[in-house]
Amino acid sequence: MSGSRSSSRLPVMAIIGLFFALFATRSSAAQVPLLMWSSDGLPPLASPAAGHITSNEKLTAYLTSAFGSGPHTVLLFLQDKLSKDDFTVFGGVFGNKQDSAFQNLEAAMQSSSSSVTLPALEWSDSSAVPALLQEKLGVSPLLVDANTLSHLSVNTSASNLLLINLPYCTGLVKSCKEVLHENDEMIGKVLSIMKDKKVPYTAIYTGLQPSRGIPETSFSSQPAGRSLLQAVVPDVKAPIMFNGTGSGPCIMLWVQNLNVSLSSTSGWTDLAAQTPNLEGSLCNNSNSMLVLSYTNFTLSFAMTQRFFPVSGRNWFTLDTVQLRANGLTASFIGSRNIYAPAEYSFHCQSVTSFRDTLLVPNNTNQNTTQWRLNFVDFQIQGFGLSNRTDFSYASDCAGFFTPGIWMGLITSLLMLIIFVYGLHMIMQLNTMDRFDDPKGPSISVPQSE
């Protein structure tokens, strides 16, 4: 399968899946798969041995022979992440063709005059393949999609490098199989447009980087014989702390992922991976404001402390969260759901503005209605730190009595009441203590008895 397409009638995804299953058990270096097919023809390439990783030098030599003479139109389907495991898991290689996420890709490789499959291409840089194609074709890549390609006039007398970017799953909105299926639909549309235009092409499908990295393991440093295994404790990053006018911090924030998105279709940006600037933050006995300024985004958390006579204690609320980007500001109200006693911190595993909403959007600008927030493992405290560097006791958003627990308790109590009532009624039944003898005189029951 790594050479020119043979006459075997085995399904393409099944052959690719078998290739990838063999490579998955043998290789451990960083690698990405590369699929290549053409409507004109490709030079033959010997199949690599199982576990062999194709080097960049070998790919360079092959592309030189493939694009050595004459103009060529190359379609580069460049996915954000791709690994051979994606074909093994989602390719439907075990006869379940309807469940495959690569139906259009399989059909294209089967109908092409020749194809090349490199299950394990050495990966060193995300721009290696685009730069190599740009060097061999002598043209800069042109970023297109199905809509722009349908209106684009392709000059077949000169070489063309058309780049189609494909996303990869982030695990927040869509599953990996859904994303890969949408990418496969995009590949099918682009190939259909090229067929309608009657333009000969060579297509390449690969990834910017591996989607599943396999770490290298050095056995030379491992002790021989039996030994106890100790779990590796991951490093926990320090919380974000703002120091007020006093000597210690007055606002603390810890979050695993601080994801923001400017549209419902665009990807997420994790701001927690960056170091923020806290300029503009403030705190006092009644109000606290934490401002996190990043490269292209600014997040601000406004908190207020109030006394409630009903509970007889002070409570703090996260009134608003504001996201500023591109000169626009989106506001989200959190005071209805995010609150805790003033001397406590607030913790929640998931704080979002679009699903199980704790942050309610409050946007009047139509340009910011699609902005979304998604905070994972979120904990904040704006009051009562008393110069400490640790969070106080956390008031969690998930209460002890969930709706399911309440339903179970109420149902059990209702059934217990019915059982006790029925048992009480049975105990009140009285049996007859006198019986009529047909041979003797009739029993006379006085009316007064």
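This is a predicted model: local features need pLDDT of at least 70, side-chain atom pairs count only at pLDDT 80 or more; totals for chains, interfaces and linings use all residues.
R313 lies over the face of W315, at 6.0 Å from the ring centre. The protein has 449 residues, and 38% of them are buried. It holds 8 helices and 19 strands. Among contacts between residues at least 6 apart in sequence, 69% join residues at least 24 apart.

**Aromatic pairs**

- The structure contains 9 aromatic pairs.
- F301 and F375 make a tilted pair, with 6.0 Å between centres and 55 degrees between planes.
- This pair links distant parts of the chain. F301 belongs to strand β12 (residues 298-308) and F375 to strand β18 (residues 372-381), 74 residues apart.
- F301 and F375 are both buried.
- F316 and F383 have ring centres 6.2 Å apart and planes at 55 degrees, so this pair is tilted.
- F316 lies in strand β13 (residues 313-325), while F383 lies in the loop between β18 and β19 (394-396). The pair therefore ties together parts that are 67 residues apart in sequence.
- F316 and F383 are both buried.
- F87, F102 and Y205 form one aromatic cluster.

**The six-stranded sheet**

- An open sheet is built from 6 strands, in the order β3-β1-β6-β2-β5-β4. Its pairing is mixed.
- Which strands stand at the edges? They are β3 (114-122) and β4 (142-143). Each has a single partner strand, so one side of each is left without a neighbour in the sheet.
- Strands β1 (residues 31-38) and β6 (residues 202-209) pair in the antiparallel sense. The pairing runs over 4 bridges.
- Within this pairing, S38 stands opposite T202 in β6.

**Helices on the sheet**

- Helix α2 (residues 56-66) packs on the sheet and touches β1 and β3. The direction of α2 makes about 160 degrees with that of β3.
- Helix α7 (residues 176-197) lies across β1, β2 (73-81), β5 (160-166) and β6. It runs at about 170 degrees to β2.

**Helix α4**

- Helix α4 spans residues 103-111, and its buried residues are L105, E106, A108 and M109.
- Why do these residues fall on the same side of α4? They cover an arc of only 160 degrees around the axis, which puts them on the same side.

**Around I251**

- I251 is found in strand β8 (residues 249-261).
- Is I251 buried or exposed? I251 is buried, because its relative accessible area is 0%, and buried means under 20%.
- Leaving aside neighbours within four places in sequence, I251 contacts residues from several parts of the chain numbering. Among them are I240, M241 and F242. Its contacts also include L282, C283, S288, M289 and L290. M303, Q381, G382 and L385 are in contact with I251 as well.
- P239 is 12 residues from I251 along the chain, and their C-alpha atoms are separated by 9.9 Å.

Conventions:
Residues are numbered from 1 along each chain as its sequence is written. Side-chain values use heavy atoms; hydrogens and water are left out. Buried means under 20% relative accessible area, exposed over 50%, partly exposed in between (1.4 Å probe, protein chains only). Helices (H or I, at least four residues) and strands (E, at least two) are DSSP runs, numbered from the N terminus. The arc is that of the directions from the helix axis to the C-beta atoms. Two strands pair if DSSP finds at least two bridges between them. Contact means heavy atoms within 4.5 Å. Axes are lines fitted to C-alpha atoms, for helices over the stretch in contact, and angles run from 0 to 180 degrees between N-to-C directions. Rings of Phe, Tyr and Trp (its six-membered ring) pair if their centres lie within 6.5 Å; planes under 30 degrees apart count as stacked, over 60 as edge-to-face and the rest as tilted. A charge sits over a ring if NZ of Lys or CZ of Arg is within 6 Å of the ring centre and within 35 degrees of the ring normal.
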